[in-house]
Amino acid sequence: MFHALVSIKQVPDTTNIRIDPETNNLIRQGVPTILNPYDAHAVAAAVEWKRKLGGKVTIITMGPPAAVTSLRECIEMGADRAILISARQFAGADTWATSYVLAEVVKAVHEKDPIDLVFFGKQAIDGDTAQVGPGVAVRMDLPVVSYAVKIREVNLEERYVIIERKTESRNEVIKTSLPTALTCEKDIAEIPYASLPDLVYSLRYEPEVWTAESPITFEPALLGLKGSPTTVFKTGTPEKHAAGEVIKTAELGVDGVVKAALDKILGVEGMASMLGVQK
Amino acid sequence: MDKNEKLEFDVIVVGAGLSGSAAAAIAARGGLKVAIVERGQNPGSKNYFGGALYTHSLLEIYPDLWDRKPPLERPVTETGFWFLSKDGMVKTTVQGGKVNSQPIDAYVALRAKFDAWWAEQAQKEGAFIIPKTLVVDFIRENGKVVGVKTDRAQGEIYAPVVIITEGVNNLLTQKLGLAKHDIQGDSAALAVKQLISLPAATINARFGLTDNDHGVAMSVMGDVSMGLPGLGFMYTGVDCVSVGVGVTLEALREAHIKPYELLQRYMNHPMIAPLLAGGRLMEYGAHIIPEGGWKDMPQLFTDGVLVAGDAASMVNALHWEGTNMAIVAGKCAAETAIEAHQKKDFSAQGLSSYRARLDQRFIMKDLHQYRNLSHFLKTHPDFMAIYPTFLNDALGMFFTGFGKPKGQLYKDILKSLTNRRPLLKAVGDIVAFGRTIIGI
């Protein structure tokens, strides 16, 4: 039986977010929260493989009680069990403290119910660090495949998985042993449109709540703000790009515009050699 | 719960808008097992209006309304008409007195916030909300509706009564043959609006409001619609202003005017622009308003089905009533459903008391009284072009006629009318308009 665990995060919908021009802080007030989009695709992939192989999908998240909505969304997609890790002591955690807690929870789940694949989104759209997935994997001494775009094969008998991952210039195909951690791009799977019974089941689903004391305990000094070595000195907004240059066919004609555009592109340093053309 | 369990309720409400969530709340409070099926991501995400809500209708569903802390913007403490000419404005507004007596009759609201809260109240009464799901058809047994089909796999939900509050685009009502036709271009208005963010103090200063517990709701006529049959509006939120204009689809099409151009023109009007200056656009949107009222009303019930709100054309265009009709009709539908369950009779005959309930209220009385309004506007296409401008001219001359013989002044005023419309025709217009609103 296949057992996948997906670690998800509820995030503010950054398409709706505004930056206070004076303080440079995010205005979170009134901004709706959503399931981190990369995580949603990771859940979809886990459910897809569960349906192929038979087995189950467990979801975990660390967050406030309101994160129940995102867990329900995962159940709606076809996950079987959801755990909300929520307590005051966890608040204010950076990626270091977060990955400690998540790793402890994954270990505890794994002990009772061995896990084959631990899924993460490639990053959360609010912090954009891409650190928690690899952080958990390292703490558990698991191999980690980041920026996964496709799972080619999961072989439970011979205990291996073949995953395609994206790099800047090419895709890599990696074969590694189970269990493995992976962080997912959106290409990993399409979000399914749940059946009505699945949706209704998810709306009524109450996740398990794990606190700092129960059912497992943590090292208090490693939790929350106390356990977080990161200090944010300053945040700011990036400079806006200048408006693009407009080349008009009315002035240069079609051929003229094509030539002007090509000259611009090839004029970028290193572009000609990268494209393998001569100027 | 077992995933294979058949989904069965006592009542299904289609659409978690003002009418739907009101119906669901009353039905659930009456002991029925209620499902609301909503196509949006969450209730409120697909809802849009001008606009203001009417306190009487909210209190009718929740007598303890104020304890529930509804997310309302400002109370309406000044309201009335603004008549725009090309470069001027006559204001006839009322404030204080009856308008400012408790409870205040109308509150400005933003539907995305309000409807989410409104649905949450229904949920607290026990209704079960199924979001992100579109009802596409009905389940029929022996010709009677016994449930709905949704766009999801295994998407059937069963209930002996379905309350359709699907809104103006009433495809399901049409599918059942209750509505005889699709939205009509000559009676449906397309309204477009912008929500402009401004500091509360700026709004108070510009609109002459004492504090954030005072607000305006204005109907704007004349140049706002370029004389086309339609109205503009202006509502003050706490730190935002809703400004918009609605014109019938047919008039827009015939005049070759794009609605957002009309809105832009309105917002740039010399009397309007200073009110909005320096504001930031927060959202823009559009919505169809079924202004046909009585004339476009579908059959309101059939075996296993009741229709309420915009889907049933329950809008009084002249008085800006629609939300209150939707809410009260939702309540009437729920009461009918409760009664049907008591009598175990879900036939059209058994549900016919819905009509009787509506007849007793302002809903059918008003819609019947104003039944000729859309016909009047159709047959008097220049009404909005002539009179608001004339009013500006007349009062403008009256209040600047210093040092002129007053006999000449009155002749000039009369001439500014007769230049636009022969006197007899003008008298005819006024009489026809009067007959239309009295309903004879």
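This is a predicted model: local features need pLDDT of at least 70, side-chain atom pairs count only at pLDDT 80 or more; totals for chains, interfaces and linings use all residues.
Two strands are said to pair if DSSP finds at least two bridges between them. Strand β10 (residues 160–166) of chain A and strand β11 (residues 171–177) of chain A run antiparallel and are joined by seven bridges. Within this pairing, A:I163 of chain A stands opposite A:I174 in β11(A). The link from β10(A) to β11(A) is a hairpin that uses four residues. Is β11(A) buried or in the open? None of the seven residues of β11(A) is buried, so the strand lies largely in the open.

Stepping back, chain A as a whole contains seven helices and 13 strands. Its C-alpha atoms fill a box of roughly 70 × 50 × 40 Å, taken along the principal axes. Chain A has 279 residues, and 38% of them count as buried. Contacts that reach along the sequence can be described too: among those in chain A between residues at least 6 apart in sequence, 69% join residues at least 24 apart.

Helix α2 (residues 68–77) of chain A packs against helix α5 (residues 196–204) of chain A at an angle of about 155°, and their axes are 8 Å apart. That angle makes α2(A) roughly antiparallel to α5(A), since angles over 145 degrees count as roughly antiparallel. The crossing of α2(A) with α5(A) is right-handed. On the α2(A) side, the residues that take part are A:R72, A:I75 and A:E76, and they meet A:D198, A:L199, A:Y201, A:S202 and A:L203 in α5(A). Sorted by class, this contact of α2(A) with α5(A) has four nonpolar, one polar and three charged residues.

Chain A also touches chain B. Eleven residues of chain A are in contact with eleven residues of chain B. On the chain A side of this contact, the residues divide into eight nonpolar, one polar and two charged.

Chain B brings its own sheets into the picture. One is an open sheet of six strands with mixed pairing, in the order β7-β2-β1-β11-β18-β17 (chain B). Which strands stand at the edges? They are β7 (128–130) and β17 (301–302) of chain B, and each of them pairs on one side only. Further in, strand β1 (residues 11–14) of chain B runs parallel to strand β2 (residues 34–37) of chain B, and four bridges join them. Here B:V11 stands opposite B:V34 in β2(B). A helix accompanies these strands: helix α1 (residues 18–29) of chain B lies across β1, β2 and β11 (161–164) of chain B, and runs at about 170° to β2(B).

Another open sheet of chain B has three strands in the order β8-β9-β10 (chain B), with antiparallel pairing. Its edges are β8 (135–141) and β10 (156–158) of chain B; each has a single partner strand, so one side of each is left without a neighbour in the sheet. From one strand to the next, the twist averages 35°.

Terms used:
Residues are numbered from 1 along each chain as its sequence is written. Chains are lettered from A and ligands numbered from 1 in the order in which they are written. Axes are lines fitted to C-alpha atoms, for helices over the stretch in contact, and angles run from 0 to 180 degrees between N-to-C directions. Helices (H or I, at least four residues) and strands (E, at least two) are DSSP runs, numbered from the N terminus. Angles under 35 degrees count as roughly parallel, over 145 as roughly antiparallel, 65 to 115 as roughly perpendicular and the rest as oblique. A crossing is left-handed if the near helix is turned anticlockwise from the far one by less than a right angle, and right-handed if clockwise. Two residues are in contact if their C-beta atoms, placed from the backbone, lie within 7 Å. Ala, Val, Leu, Ile, Met, Phe, Trp, Tyr, Cys and Pro count as nonpolar, Asp, Glu, Lys and Arg as charged, and the others, Gly among them, as polar. A residue is buried if 20 or more other C-beta atoms lie within 10 Å of its own, exposed if 12 or fewer, and partly exposed in between; C-beta atoms are placed from the backbone.
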